[in-house]
Amino acid sequence: MKKIGLIATVLALVAVLAGCETEAQRVSYNLSQQADNFNDIRQVTVINCLQGDVLFQMTGKMSITADTEDNQLEIVVEDENGEYKKHFIGLSDNVTYVVEDVTSGDANQYKYTLNFNPKMWLPEISTIE
């Protein structure tokens, strides 16, 4: 009889500890699920850390996966027709990114944008005197 009481107590303790999760953990999980289901608008900003320049920004309904094996971000976006497109952003030691939830902003929920920093792609021309 004592064994059954001890086992019941241990099982009850395990059940209580298994359910211990902070509110912040639940909210973080729920927000991630909401965004990954294309219900939120996110903005990704990719930054060259050596120069301090923004390489580009992408805004829209998107699911973002950090693929550490290939050193890249894999971004799936949903457009206004409910179609999906996949983009890859290569990362390096001097390139980082920031992801913002901009759902409450003035962004169009059915359109995604990709903005490149033209300074990063146009060569500088200098003259020799």
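**Charged and aromatic pairs**

Glu 74 and Lys 86 are joined through their side chains by a salt bridge with an N to O distance of 3.7 Å, a salt bridge being a side-chain nitrogen of Lys or Arg within 4 Å of a carboxyl oxygen of Asp or Glu. This pair links distant parts of the chain, since Glu 74 belongs to strand E3 and Lys 86 to strand E4, twelve residues apart; helices (H or I, at least four residues) and strands (E, at least two) are DSSP runs, numbered from the N terminus. Glu 74 is buried at a relative accessible area of 17%, whereas Lys 86, at 47%, counts as partly exposed; here buried means under 20% relative accessible area, exposed over 50%, and partly exposed in between, with a 1.4 Å probe and protein chains only.

The model is a predicted one, in which local features need pLDDT of at least 70 and side-chain atom pairs count only at pLDDT 80 or more, while totals for chains, interfaces and linings use all residues. Residues are numbered from 1 along each chain as its sequence is written, and side-chain values use heavy atoms, with hydrogens and water left out.

A search of the whole structure finds three salt bridges. One of them brings together the side chains of Lys 85 and Asp 79, at 3.0 Å from N to O. Asp 79 lies in the loop between strand E3 (72–78) and strand E4 (84–90), and its relative accessibility of 7% makes it buried, whereas Lys 85 is partly exposed at 32%. The side chains of Arg 42 and Asp 36 also meet in a salt bridge, with an N to O distance of 3.8 Å; Arg 42 is buried at 13% relative accessible area, and Asp 36 is partly exposed at 30%.

What does the count of aromatic pairs come to? The count comes to one, where rings of Phe, Tyr and Trp (its six-membered ring) pair if their centres lie within 6.5 Å, and planes under 30 degrees apart count as stacked, over 60 as edge-to-face and the rest as tilted. The ring centres of Phe 38 and Tyr 84 are 5.0 Å apart and their planes stand at 50°, so the pair is tilted. Because Phe 38 lies in the loop between helix H2 (23–36) and strand E1 (41–48) and Tyr 84 in strand E4, the pair ties together parts that are 46 residues apart in sequence. Phe 38 is buried at 12% relative accessible area, while Tyr 84 is partly exposed at 48%.
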